[in-house]
Amino acid sequence: MKSLTHNHFQKTAFIIVVTLVFATVSSGIFSRQAEAAKKDVLVVARAMDINSLDPHIAFCDTCKVVIGMMYETLIKLGADNKTILPQLARNWEVSGDGMTYTFYLDEYAVFSDGSPVESKDVKFTIERWQNLKQDSSMYAKSISKVDASDPRKVVITVSSWPSELLGQLAVPYAGIINSDVARANGAVSTADAPKKDKAEAWFMKNSVGSSPYVLESYRPDEEIRLKQNPKYWGKKPAIKRIIIKHVPEPVSQAQMLESGQVDIAMQIDADTAKTIRNKNVVIKSQPSYYFNYVALVPGATNLEVPLTPKVREAIALAIDHEGMLDVTLGGAGRVQPSVIPVEFPGGGGLPMPKQNLVKARKLLAEAGHPNGFGLLAVYPDMTSFGVSFSVVMQKVQQDLRKIGIKVKLEPVTMAVLRSRTGGTIPMTILMWAADYMGSAQYVQYFAMVPGTTWYYLASGTTNDMKELTNHREAALMEKLQKASAEEAEKLYHEFAKEMINEHVIIPIGNPNLLLTYRKNVLGMRYDIITEIPFDEISKR
Amino acid sequence: MLRYIIRRLLAIPLLVFGVVTICFFLAHNIKGDPLSSLLSFRQLGNPEIVAATKARWGLDKSLPEQYFIYIKNLLAGDFGTSFRTRRPVLEDIADRLPATLELAIVSLVIGSLAGIFLGMLAAYYRNQLIDDGARLFALIGSSMPVFWSGLILLFIFSVKLQILPGPGRLDPVTDIPPYVTGMFTIDSLLAGDIDKFLDAVRHMILPAFVMAWSMMGIISRIVRASMLDVLNQEYILTARSKGARELRVIMNHALRNVMIPTLTIIGFSFAYLITGAVLVETIFSWPGVGYYAVSSTRALDFPAIIGVTIIGATAFLVTNLVTDISYAFANPKIRLGR
Amino acid sequence: MRFLRIRSLLKKYDHLLTIPVIIGALIILFWVITALSIDLWQPYDPLEMVSRRLQPPSTKHLLGTDALGRDVFSRTLHGARHSIPIAMMVVISAVTIGSLLGAVAGYSGKWIDGFVMRLVDVTLAFPPILLAMAVAAALGPGLRNASIAMVVVWWPVYARLMRAQTLEVRERDHVEAAIASGVSRTRLLFVHILPVCWTPVLINATMDFGQAVLLLASLSFIGLGATPPTPEWGAMISEGAKFFYYWWIALGPGVSILLVVLGFNFIGDGLRDYFDPRTSD
């Protein structure tokens, strides 16, 4: 009796075990040991943060990459990230007063459906961009008029910041869209666009640019695929298909890069890069244009002690910038003195910050706080460009302790941080990635002048704090609005000095960029606008 | 009996309505401003852009008004638009449902079979080492945090031993099979692509095992108890004494009686599957509804959170009803309802 | 004499004190003692950066260091200070609230019964983790809010349990006698009904202590429970997932959760077998 059931169980167990082994082994035999993908397909690993694929609504780092590949702008940046080169516009003229630009469109330029790129498309694009009033529209704000009476020529008039127009028109969000097709699918460019435009959903599935690539498919949280535009009017790129896979963790990205499953990994940080052993992986470190900064909020409602200029200067002087670079990046970065990156207009030749604990303590005593005070820091618990914000804040905490300031750390998620900007954040840390080559973006964002984002945030979102308003910066801004490129450079330099002495925004490091890719990928370089210009890449 | 079923069926829409109201109340009672999920830092201070965004998303209306609009849309099948993906929530969920179903079905099958097997093993070798071993194995599976076991196994098999693939449903380069059901295993078979089929299967091994393991505990326990119950009963003893073949005795009597409570337990496992879906999908980057729920929660994307919860609750209610009915059918001695 | 008394005591509970139960009790005892005393004997401060980041286990750091240079071993032990008290508090609250409501519903009948049961039904309509996520997301991150979310998820189970028990007990002689002699409602509830119904509640609650630890860890893993830098097990595993190449970060917290849940499961199983021998061997 027992022997029969004993056999029954034994048999079942045996069958199960054999099946399992067979399944694993057979999949091992048939497995495609991650072979190199075909030569004209590029596979990229990236933590995708796409919030839209509509060029006038999207605003995120991955968006720049992808939209930059699907749409072409009037002009583009050269490989030195400074020189303006023709793209859809083959040449252009600037009026004497610098406020009117005439762009002559390339007669060969066509969209992905074969129709020619005409001035009416440029007009439609710019007006829709402005009127939808989404995040990136701030770069179109200074444009006051677009004249498209001649189909082969576009006349753009600006009302302010003339020195920035060319830089801003190179932004991916300025990509020219096929107005006929867009209109047919619900796009509206007039002033009532916020209520009437219904094209965003369509843009999530289709692209209507003139660039070498078109959108093949987009699966949120998974991947986005671009394929070759057969009607492209320029030199056809070597890569015919781009697959960007959503890989949220740098460690996973490194793994996929090492095993050859992806050709390029876009967000590997210095620590993870150290663990890569595979000789087929190239790691190149070079300076970048993004930076992280600590921000003090004088208008916060939960301050123990008012953040007067002396107190702020004391805090700024207590920070050990070199040590910070060491702890957060292992030295793979640069100290950035002001919010304007060193290579940008006005960013060079500025005094480097140096830790001075003696002076810091003196200032605090003068301000009436010889024994220090408590300070709350609410910050996003994330890693930005390879720098862990928690590590940064711990270092700041250590530094400030030396002058008696006790920092209490409150890490939160980014979503929670944004929902708390109601004036209850005395100190925080954030980052900034340059959107284009030009310094107006910094002035417009960081100046302590009513109307800028950081004035709003630093005043505790009241937008009205007299002691915070910097009149010298306001005067500089006025001049900049009408300045030519040469004049602007000097004015930006002055502006940078003002910002340094204000000690509201304290840059704490400009991390190096790590390009991590397989050895057989050629043509890799860092581009401000699109991060990596995939159309210049080829594979051996 | 019929009255019971009808009563329960009628209760479902009412309960869903309650669920919807609670969700809406939860979503709009938060301390944050939903606008912060929609706009970046740069624009929060710009009143023009804030107003334009509010208008686009209907956030400029009063709360009761928003509620009625929401219910009205819901009845028409519109679950709102996700803040994060900018697509209709229903479309987002429908896109991801096949991935979750595929994993859930495979996990359920593995978990049930393994649970039944372990339970039978434990019952037969009662009180011997095999019994203890089987029970311990199942218990460990249920006691481990499923996101941790997934992580450990992933590390061992994918990173160290490199015999199983990493997170995801297919290798990065592989195109997804032509859409028929959305389940890659079935679709690739239907397209005749054996390589792709095996690739999809390989990617499912770890997550399905992890989910199945978490269910084995409760299933094997019930099976074991039922088997013990049955094996002791009089008629089994009489059947044996009559010399009927052991195999037939077990198969015909024991198994059949074990099936019913087991089926109901499988029905109750639905809760485990949903929990598992949320956690396992996150670890394995499995783009299903669970992963979507977690991403939406992290981003405070409330239309998505509400959408997933409503659909999850409805599915949950239906499954519970089916389980209860089949349980009552199989065992009429149980008093139905109150 | 005392020796004999202990022996007879042990004999009385012989069925209860099986090996699994003893192991379970020892595990839980260890963690409770750790939770209470860890401050006294911690190797390192769990919140301080004490060494270089991401170091593998060594004699200096038994479980290595994490991404911020903190000692993983100390953090793991400290995790008990959060998980265990919170889990117990949550379950006890759920049991209390649920049982009271369920018992009241059970013998009050019609109105109250209907209302409470509808509330129970709606709450049970949610898949537990989704409800916990929705409530925790609405309230905001933090252990306190996660606890509230968990109580919201759990009370209906006990309400139902208690109600069923109450309905059954209501028929019993001593209760009917009490009702006939005009005993007050409160007295009825606390003296006659509740004391008889506690067995299934106890068994359920014991198992639920373990489940509560799991659910808290799950919520923290998603980002809704413990906020950094709190050394809660689920949150630590979440960090370990980001750095899974550095396997030691997630090892400690995972094993701890496993042990705690196993411990409670063993005890719960033992209790169930003791009180309901039909389901045992």
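Start by selecting chain B: of its 338 residues, 49% count as buried (20 or more other C-beta atoms within 10 Å of the residue's own, with C-beta atoms placed from the backbone). You are looking at a predicted model, where local features need pLDDT of at least 70, side-chain atom pairs count only at pLDDT 80 or more, and totals for chains, interfaces and linings use all residues. Residues are numbered from 1 along each chain as its sequence is written, while chains are lettered from A and ligands numbered from 1 in the order in which they are written.

Stay on chain B and switch to cartoon view. Its secondary structure is 15 helices and zero strands; helices are DSSP runs of H or I with at least four residues, strands are E runs of at least two, and both are numbered from the N terminus. Of the chain B contacts (C-beta atoms, placed from the backbone, within 7 Å) between residues at least 6 apart in sequence, 70% join residues at least 24 apart.

Next, select residues 72-108 and 110-125 of chain C. These are helices H3 and H4, packed at an angle of about 140 degrees with their axes 7 Å apart. Axes are lines fitted to C-alpha atoms over the stretch in contact, and angles run from 0 to 180 degrees between N-to-C directions.

Now show side chains: Leu101(C), Val104(C), Ala105(C) and Ser108(C) in H3(C) meet Ile112(C), Asp113(C), Val116(C) and Met117(C) in H4(C).

Methods:
Buried ≥ 20, exposed ≤ 12 C-beta atoms within 10 Å, placed from the backbone. Contact = placed C-beta atoms within 7 Å.
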